[in-house]
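I opened this notebook to keep a record of what I looked up, one topic at a time.

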Amino acid sequence: MPEGKPLVVDADAALLPTGLALECFWSALGRAPLATMGAVLRNLGRPARLKAILFRLASLRADLLPSRPDVAARIEQARAAGRPVTLVTACDARMATALRDAMGLDAEVMASDGATHLRGAARRRALDAAFGRDGYDYIGPPRRDDGPGPAQSAGWQWRALLRALRPHQWVKNVLLLLPLIAAHDFGWSLLGPVLLGMVAFSAAASSIYIVNDLLDLEADRLHPTKRHRPFAAGAVPIAVGMIAAALLALGALGLALAIGPALLGVLALYMGLSLSYSLRLKRMRWVDIATLAGLYTIRVLAGAVAAGVPATGYLIAFIYPIFITLGCVKRLTELTLATSDERLPGRGYGRPDRGDLLNVAGLGTFGALLVFFLYGFSETGTELYPRRWLLWLALVPVAAWLIRMVWLGWTGKQDYDPIVFALRDRYGLALIFFTLTLMFYAAGLVWPDWMRP
């Protein structure tokens, strides 16, 4: 580049891989969802005013924003050569100034001011007026009216987006099979709709995971491991994530409708509760754990609806306290692995809460075991399990599994997601398999009919 020629850098599409305006939007949505959506609806035709409002609502930490190393290096080269550097953005000027100061740049700022939206032709005119036509080098997107000069590509990889979908979490949807196990009915006519329901819930869950990650950008960037997530690290643009989330949600709802209107209703409930959890409930102590347990329980209800088998009160009363326990285990793991006594970013818990979480986990374990024991006296339990002493003997591995999960969470030897950990833990899986074997013997089945030679 010619020596002394000013360097203009597009902060929206070149310096920041995620997009400054969308960073503001998601930060504001996480902090004040109703006010943010109201501002969007009232100012659809006034983008400069909207971005000014979003800046006030967001309280975005510019020092945590990811930047493209190659663009940052070119800025440093220009500064070292004594060339003036200007950051240009369609975002609010105060946000641009905060970004400049956080990056320690000696640069001018050209941005929207609440009245003028500095984008497209307005940006080109402003740059030409400041530097003269072709009087500056420009790093930005390949758009004709954004100015001349080399463009910066907003490259990203599909595998990074796939990682954002968290496919390893899809294993949680085996919970949809629980009603079939409880009903001792494994016919393919019932199993087929349940498997399709698992696909629908996997797509819905991935959609919500993306939304959750976008709402949690700041908290994730402060977390020792979550800061490597694709959106927090800037590996995938926020706009790409928004499109993927919308497509996954529509696909999930369409598949659920094809299976049946009842499953569509259950899936809509799951997605609505998940969104509420992401927006607000996860920041509320104890409410977050109750909500997590409810989301897991909804999966079980979905399996019953998809298969057309009843989800008994005993089944729900048994699994809900188990999920309460596992929710506590999740928080215990996070607190044990935390590096300070401060409250977890985006959560309502600190290390002093570990004792209370342990107590609630103990209550959940006791409640689940008590319901399991009482089930043996019920009419359904007596009918399905003629050898009830074997059913009650299954309490031993169930108790051992729950106690082990709590202990591993307390000592920090768990994964951050206890359900995913449980389905990969060979010792825990052995206890679960032993439990199922005892229950099959108690029912006189040993193996389901469809698995017999």
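This is a predicted model: local features need pLDDT of at least 70, side-chain atom pairs count only at pLDDT 80 or more; totals for chains, interfaces and linings use all residues.

I looked for the strands next and found four of them in an open sheet, in the order β3-β2-β1-β4, with parallel pairing. The edges are taken by β3 (108-112) and β4 (137-139), each of which pairs on one side only. I also noted that neighbouring strands of this sheet are turned by 20° against each other on average, if direction is ignored. As a reminder to myself, strands of a sheet pair through backbone hydrogen bonds, either parallel or antiparallel.

Entry on β1. I followed this strand, residues 7-10, to its partners, and found three bridges that join β1 to β4, the two running parallel. Two of the residue pairs I wrote down are Val9 with Ile139 in β4 and Val8 with Tyr138 in β4. Towards β2 I found four bridges, again with the strands running parallel, and here Asp10 stands opposite Val88.

Are the residues on the two faces of β1 buried or exposed? I found both faces covered, since Leu7 and Val9 on one side are buried, and so are Val8 and Asp10 on the other. Looking for a helix against the sheet, I found α5 (residues 69-80), which lies across β1, β2 (85-92) and β4 and runs at about 160° to β1.

I recalled that, in soluble globular proteins, nonpolar side chains tend to be buried together. The largest nonpolar core here has 48 residues, and Val9, Leu15, Leu20, Trp26 and Phe231 are those with the most contacts inside it. Helix α2 (residues 20-31) gives the largest share of this core, namely six residues.

I then checked what Trp26 touches, leaving out residues up to four places away in sequence, and listed Val211, Leu214, Leu215, Ile238 and Met242. Apart from this core lies another, of 43 residues, including Leu175, Tyr385, Met405 and Leu438.

Entry on the whole protein. I stepped back and noted 22 helices and four strands, with C-alpha atoms that fill a box of roughly 90 × 50 × 40 Å along the principal axes. Of the 453 residues, 51% are buried, and the accessible surface comes to about 20,400 Å², of which 64% belongs to carbon and sulfur atoms. Lastly, I looked at contacts between residues at least 6 apart in sequence, and found that 70% of them join residues at least 24 apart.

Terms used: Residues are numbered from 1 along each chain as its sequence is written. Side-chain values use heavy atoms; hydrogens and water are left out. Two strands pair if DSSP finds at least two bridges between them. Axes are lines fitted to C-alpha atoms, for helices over the stretch in contact, and angles run from 0 to 180 degrees between N-to-C directions. Contact means heavy atoms within 4.5 Å. A nonpolar core is a set of buried Ala, Val, Leu, Ile, Met, Phe, Trp, Tyr and Cys residues joined through side-chain atoms within 4.5 Å. Buried means under 20% relative accessible area, exposed over 50%, partly exposed in between (1.4 Å probe, protein chains only). Accessible areas come from the Shrake-Rupley method with a 1.4 Å probe; for residues, only the protein chains shown count as cover.
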